[in-house]
Amino acid sequence: MAEPNRTSSRPALDDVSKAIIGHLQSDGRAAYSAIAREIGLSEAAVRQRVQRLLDSDVLQIVAVTDPAQVGFDRQAMIGLTVHGDLGGVQVALNEMPEVAYIVLTAGRFDILVEVVCVDDDHLLDLLTAKIRAIPGVADTETFVYLKLAKQRYDWGTR
């Protein structure tokens, strides 16, 4: 699946789609019938709109966990400096199950990568055997998470 380009044209979201997204951000398990009652649509119309939002990659409905409580005791953000094309590095990172988030940036680092690992040994192996071995990766800087202080996904729509 291609990654979304957030700077390209986006699908226009009307107020109804934004309301549906808002409800699902508050409770991803909300029944379509309950959402329909709240916004004045039929359940079938809500279901169709949600499916279109899912199909267009505007929306994902997932269970968000605290990694430490499900056996992943080490999280980190890794800044990568890349020589040459970023595309090949991004593709290689996409294939790593430990990688949760990839951002191409303008600034000190070319790419920021959030990783979730079982422990420090797992993180060390990921860095040395996988990430630093990707052609084009010139340098890395790792920011180890000591505590997850806030993780929210209910910031709404504009």
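Buried residues make up 27% of the 158 residues in this protein, where buried means under 20% relative accessible area, exposed means over 50%, and partly exposed lies in between (1.4 Å probe, protein chains only). This is a predicted model, in which local features need pLDDT of at least 70 and side-chain atom pairs count only at pLDDT 80 or more, while totals for chains, interfaces and linings use all residues. Residues are numbered from 1 along each chain as its sequence is written, and side-chain values use heavy atoms, with hydrogens and water left out.

**Overall layout**

- The protein has five helices and four strands; helices (H or I, at least four residues) and strands (E, at least two) are DSSP runs, numbered from the N terminus.
- Starting at the N terminus, the order of these elements is α-α-α-β-α-β-β-α-β.
- The protein is more spread out than a compact globule, because its radius of gyration is 19 Å, well over the 15 Å that the globule rule gives for 158 residues.
- That radius is taken over C-alpha atoms, and the globule rule is 2.2 Å times the number of residues to the power 0.38.
- Along its principal axes, the C-alpha trace spans about 55 × 35 × 25 Å.

**Contacts and surface**

- Among contacts between residues at least 6 apart in sequence, 64% join residues at least 24 apart; a contact means heavy atoms within 4.5 Å.
- The protein exposes about 10600 Å², and carbon and sulfur atoms supply 50% of that area; accessible areas come from the Shrake-Rupley method with a 1.4 Å probe, and for residues only the protein chains shown count as cover.

**Charges and salt bridges**

- There are 16 positive and 22 negative side chains, and the centres of the two sets lie 8 Å apart.
- Lys and Arg count as positive and Asp and Glu as negative, while His and the chain ends are not counted; each charge is placed at NZ of Lys, CZ of Arg, CG of Asp or CD of Glu.
- The protein has five salt bridges, each being a side-chain nitrogen of Lys or Arg within 4 Å of a carboxyl oxygen of Asp or Glu.
- One of them joins Glu 43 to Arg 47, with the closest N and O atoms 2.8 Å apart. These two residues sit four residues apart in helix α3 (residues 43-55), so about one helical turn separates them. Glu 43 is partly exposed at 38% relative accessibility, and Arg 47 is partly exposed at 43%.
- Another pairs Glu 98 with Lys 130, with the closest N and O atoms 3.2 Å apart. The pair links distant parts of the chain, 32 residues apart: Glu 98 is in the loop between α4 (86-94) and β2 (99-104), and Lys 130 is in helix α5 (residues 120-131). Glu 98 is buried at 9% relative accessibility, whereas Lys 130 is partly exposed at 32%.
- Arg 108 and Glu 141 also meet in a salt bridge, at 2.4 Å from N to O. Arg 108 lies in the loop between β2 and β3 (111-117) and Glu 141 in strand β4 (residues 137-144), so the pair ties together parts 33 residues apart in sequence. Arg 108 is exposed at 62% relative accessible area, and Glu 141 is partly exposed at 25%.

**A look at Val 50**

- Val 50 is found in helix α3, and with 0% relative accessibility this residue counts as buried.
- Leaving aside neighbours within four places in sequence, Val 50 is in contact with Ile 20, Leu 24, Tyr 32, Leu 59 and Ile 61.
- The C-alpha atoms of Val 50 and Leu 86 are separated by 33 Å, and the two residues are 36 apart along the chain.
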